[in-house]
Amino acid sequence: MFESLQVLPQDPILGLMGQFLKDDNPNKVDLGVGVYKTPTGETPILASVKAAEARWMDAEATKSYIGGPGHVVYNSEMRKLALGESHPALLANRVASIQAPGGCGALRLGGELINRAKPGATIWMSNPTWANHVPLFGEAGLNIKEYPYYDRGTCSVAFADMIATLERDAQLGDVVLLHACCHNPCGADLNLEQWAQVADLCVEKGLVPFIDMAYQGFGVGLDEDAAGLRLMGERVSEMFLSVSCSKNFGLYRERIGLLLVIAEDSHKAEAAGSQLINIARGIWSMPPAHGAAIVATILESAELTEQWQGEVAEMRNRINGLRAQAVAKLNAVCSGADFGFIEKEFGMFSFLGITPEQVARLKDKFSIYMVGSSRINVAGLNDDNMNYFAESVAKVL
Ligand code: LMR
């Protein structure tokens with residue numbers, strides 16, 4: 001059977017992790033995979049997570065299944081965290097949600113539900129988007145199209161082109177994938193006014209937004225980063241929202257996420273929810289408990305929530321500080337270049353705006369690792385590697 005299978009190349013993002021580990025250059029710098037790092041280059045477990053884990057371990061009374069929709073408190077707390085406590089869709093019972101293995105699991109579940117409701121439906125993705133969006137939705141059977149999003153000339157959102165393309169080419173019932181905040185890979189986000197315009201367009205053309213929120217709290221703040229999707233959810237009758245707890249709770253390896261859908265009414269929400277449970281049953285049957293228990297324990301405790309919010313703010317402030325430092329250093333050593341746009345972007349990622357050959361030279365000659373598109377994980381910078389990074393970029397330019 002296996003003779004027909006080819007050896008595949010490594011994943012463009014995850015493959016960098018292995019290459020970096022094998023590199024014995026003591027000056028190596030990892031700006032590849034999107035994982036938060038402290039000033040000393042570690043990705044520690046948050047103190048609020050440690051505390052919640054200890055509480056949970058003590059209180060856990062059974063290892064029996066947690067059921068198809070997942071942890072009940074996790075679901076209810078995550079709905080409030082994403083939509084806000086008094087979102088009209090929540091109050092009207094128009095929301096269904098299901099625990100999923102990471103943001104990827106949520107995206108894939110959403111893709112499968114779309115394909116059940118409308119086989120072969122079209123999903124519009126931003127150009128660029130996170131590389132894994134393509135297989136997650138493509139393998140679910142959806143037809144993928146792109147709308148322009150990032151203008152590499154001005155290093156900002158190509159908003160007029162985005163709207164014009166969707167206005168002209170998107171059809172009734174098409175799905176539009178949007179990044180809630182901290183766009184991966186470019187870091188350039190829509191402002192609230194632009195969110196309102198996209199919402200108007202979705203209503204006018206009957207498009208269904210699918211919002212991917214993997215970095216809530218890493219941009220401006222927990223509520224601010226969700227403001228666009230909340231506004232969208234108030235205006236449209238149907239919406240998908242995938243949420244990841246990998247980054248803001250630092251629970252990368254626990255694989256904990258949520259898929260939430262807003263439907264036209266409570267009956268349709270119930271139908272969508274039951275379909276989601278059925279889809280999950282046919283893939284992984286029932287979700288694991290641990291990650292959800294940690295998040296639920298934090299969010300149902302005022303004290304742990306406050307501690308966690310402080311830790312999210314610390315990560316966000318560090319990233320924003322690094323952005324400012326990187327701009328100052330790069331502009332000082334790369335004569336004629338202006339990297340000021342990096343300071344206007346949000347979250348862990350920005351494009352440096354250099355060529356794939358220059359990216360390859362940074363890796364091969366200087367052991368500085370980033371994705372081929374020149375996406376850097378800003379959180380991988382620190383006081384020890386900042387000068388080396390900026391000077392190496394100057395050398396390859
Ligand atoms: C990234 O974009 O680097 C992260 O979201 C990790 C991944 O799975 O690609």
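Visitor: How much space lies in the second largest pocket?

Guide: This is a predicted model, in which local features need pLDDT of at least 70 and side-chain atom pairs count only at pLDDT 80 or more, while totals for chains, interfaces and linings use all residues. Residues are numbered from 1 along each chain as its sequence is written, and side-chain values use heavy atoms, with hydrogens and water left out. On a 1 Å grid over the protein atoms alone, a pocket is an open set of points with protein on both sides within 12 Å along at least five of seven lines, and a cavity is a set where a 1.4 Å probe fits but cannot get out; lining residues have an atom within 4 Å of a point. Grid points are joined across faces, edges and corners, and a volume is the space filled by probe spheres set on the points; for the second largest pocket this comes to about 590 Å³.

Visitor: Which residues of the lining lie nearest the centre of the second largest pocket?

Guide: Helices (H or I, at least four residues) and strands (E, at least two) are DSSP runs, numbered from the N terminus, and those supplying at least two residues each to this lining are helix 5 (102-117), helix 8, strand 9, strand 10 and helix 10. The lining has 27 residues in total, and nearest the centre lie Ala 117, Val 208, Glu 238, Phe 240 and Ile 262.

Visitor: How does the lining of the second largest pocket divide by class?

Guide: Ala, Val, Leu, Ile, Met, Phe, Trp, Tyr, Cys and Pro count as nonpolar, Asp, Glu, Lys and Arg as charged, and the others, Gly among them, as polar. On that basis the lining of the second largest pocket has 17 nonpolar, four polar and six charged residues.

Visitor: Which elements give two or more residues to the lining of the largest cavity?

Guide: A search of the whole structure finds one cavity of 30 Å³ or more, and about 30 Å³ of space lies in the largest cavity. Its lining includes Gln 99, Ala 100 and Pro 101, together with Arg 255, Gly 291 and Ala 292. The elements that give two or more residues are strand 2 (95-100) and helix 11 (290-299).

Visitor: Which residues surround the ligand?

Guide: A residue is near a molecule if one of its heavy atoms lies within 4 Å of it. The shell around the ligand divides into four nonpolar, two polar and two charged residues. They are Ile 13, Val 33, Gly 34, Trp 130, Asn 184, Tyr 215, Lys 247 and Arg 375.

Visitor: What share of the area that the ligand exposes when taken alone does the protein bury?

Guide: An oxygen atom of the ligand is 2.7 Å from a polar backbone atom of Gly 34, and polar side-chain atoms of Trp 130 and Lys 247 each lie 3.0 Å from an oxygen atom of the ligand. Accessible areas come from the Shrake-Rupley method with a 1.4 Å probe, and for residues only the protein chains shown count as cover. Taken alone the ligand exposes 260 Å², and the share buried by the protein is 84%.

Visitor: Which residue has a side chain joined to that of Asn 184 by a polar contact?

Guide: Asn 184 is found in the loop between strand 7 and helix 8, and it counts as buried because its relative accessibility is 5%. A polar contact is a pair of N or O atoms within 3.5 Å; within protein, one must be able to donate a hydrogen and the other to accept it, and residues adjacent in sequence count only if both atoms are side-chain atoms. At 2.7 Å, the partner of Asn 184 is Arg 375.

Visitor: What is the omega of the cis peptide bond that joins Asn 184 and Pro 185?

Guide: Most peptide bonds are trans. A cis bond runs from Asn 127 to Pro 128, with omega near 5°, and Pro 128 lies in the loop between strand 3 (122-127) and helix 6 (133-138). For the cis bond joining Asn 184 and Pro 185, omega is about 25°.

Methods: Buried means under 20% relative accessible area, exposed over 50%, partly exposed in between (1.4 Å probe, protein chains only).
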